[in-house]
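This report describes the fold of a protein chain and the surroundings of its ligand. Please keep the sequence and the model at hand while reading.

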Amino acid sequence: IQRTFIMVKPDGVKRGLIGEIINRFEQKGFTLLNAELMNVDRQKAEYHYMELKEKPFFEELVDFITSGPVFAMVWEGESIIEVSRIMIGKTSPLEAMPGTIRGDFAFSKAENVIHGSDSLLSAEREIANFFDPLSICSARDKDYPFDERKSV
Ligand code: GTP
Ligand code: MG
């Protein structure tokens with residue numbers, strides 16, 4: 001079982017897509033372990049996107065992600081890193097397939113609604129950047145998730 005970091009970006013929050021995105025992950029049988037609407041400071045944003053530091057659009061990327069509140073989440077599930085990337089769709093709105101979150105809602109490559117971790121290592125780093133580890137464990141009550149979802 002894996003955990004991943006999923007974030008509704010400022011454009012997605014402004015457009016009222018938080019509920020839609022939570023719905024898709026719940027309906028897929030994944031378990032929400034923590035969530036918070038928050039502002040991201042530059043230090044946190046630069047750490048989050050450290051792998052893109054040399055890209056020409058890095059400053060623009062940090063400006064965007066710090067431009068308004070994001071909805072940060074930790075989700076858990078079977079192969080969730082790979083599956084969530086499929087649910088999210090390709091980075092570019094021209095390539096994202098209909099039925100994926102970006103395919104259905106994104107029309108810009110820079111402002112593409114949602115982020116999802118792309119590996120186990122980045123998931124761990126990104127979760128730790130946004131959440132206190134103790135706050136995540138507290139959601140893992142013995143009765144949570146419900147039985148039918150546990151059996152997937
Ligand atoms: P994330 O889930 O957000 O990490 O997207 P990704 O893994 O599909 O793409 P990648 O990690 O390669 O790039 C991270 C983010 O940088 C993208 O989601 C875009 O928001 C942004 N980005 C990518 N290309 C461009 C670009 O050409 N210009 C700008 N301004 N932003 C870009
Ligand atoms: Mg990425």
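The sections below proceed from the overall architecture to individual residues.

## Basis of the description

The model is a predicted one: local features need pLDDT of at least 70, side-chain atom pairs count only at pLDDT 80 or more, and totals for chains, interfaces and linings use all residues. Residues are numbered from 1 along each chain as its sequence is written, while chains are lettered from A and ligands numbered from 1 in the order in which they are written.

## Overall architecture

The protein chain contains nine helices and four strands. Both kinds of element are DSSP runs numbered from the N terminus, with helices (H or I) of at least four residues and strands (E) of at least two. Read from the N terminus, the order of elements is β-α-α-β-α-α-β-α-α-β-α-α-α.

Of the 152 residues in the protein chain, 29% are buried. A residue counts as buried if 20 or more other C-beta atoms lie within 10 Å of its own, as exposed if 12 or fewer do, and as partly exposed in between, with C-beta atoms placed from the backbone. Among contacts in the protein chain with a separation of 6 or more, 72% are between residues 24 or more positions apart. Two residues are in contact if their C-beta atoms, placed from the backbone, lie within 7 Å.

## The sheet

The four strands form an open antiparallel sheet in the order β2-β3-β1-β4. Strands are taken as paired if DSSP finds at least two bridges between them. At the edges stand β2 (31–38) and β4, each of which pairs on one side only. Neighbouring strands of the sheet are turned against each other by 15 degrees on average, direction ignored. Axes here are lines fitted to C-alpha atoms, for helices over the stretch in contact, and angles run from 0 to 180 degrees between N-to-C directions.

Strand β1 (residues 2–8) pairs with β3 (residues 70–77) in the antiparallel sense over seven bridges. Gln 2 has Gly 77 as its bridge partner in β3, and Phe 5 stands opposite Val 74 in that strand. β1 also pairs with β4 (residues 114–116), again in the antiparallel sense, over three bridges; here Val 8 is partnered by Ile 114. β2 and β3 run antiparallel and are joined by seven bridges, with Met 73 of β3 as the bridge partner of Ala 35. Five of the seven residues of β1 are buried. Seven of the eight residues of β3 are buried, so β3 is largely enclosed by the rest of the structure.

## Helix α7 against the sheet

Helix α7 packs on the sheet and touches β1 and β3; its direction makes about 60 degrees with that of β1. Ile 127 lies in this helix. Ile 127 counts as buried because it has 20 C-beta neighbours inside 10 Å. Leaving aside residues up to four places away in sequence, Ile 127 touches Arg 3, Phe 5 and Val 74. Ile 127 and Asn 112 are 15 residues apart in sequence, and their C-alpha atoms are 20 Å apart in space.

Ser 122 is also found in α7 (residues 120–130). An unreviewed UniProt entry places the feature "modified residue: Phosphoserine" at Ser 122. UniProt positions are given in the numbering used here, feature names are shortened, and annotations may be inferred rather than shown by experiment. Ser 122 counts as partly exposed because it has 17 C-beta neighbours inside 10 Å.

## The ligand and His 115

Ligand 1 is surrounded by Leu 52, Phe 57, Glu 60, Leu 61, Thr 91, Lys 109, Ala 110, Asn 112, His 115, Gly 116 and Asp 118. α4 (58–65) and β4 are the elements that give two or more residues to this shell. A residue is near a molecule or strand if its C-beta atom, placed from the backbone, lies within 6 Å of it. The shell divides into four nonpolar, four polar and three charged residues. Ala, Val, Leu, Ile, Met, Phe, Trp, Tyr, Cys and Pro count as nonpolar, Asp, Glu, Lys and Arg as charged, and the others, Gly among them, as polar.

His 115 lies in strand β4, and an unreviewed UniProt entry places the feature "active site" there. With 19 other C-beta atoms within 10 Å, His 115 is partly exposed. Not counting residues up to four places away in sequence, His 115 touches Ile 6, Met 7 and Lys 9.
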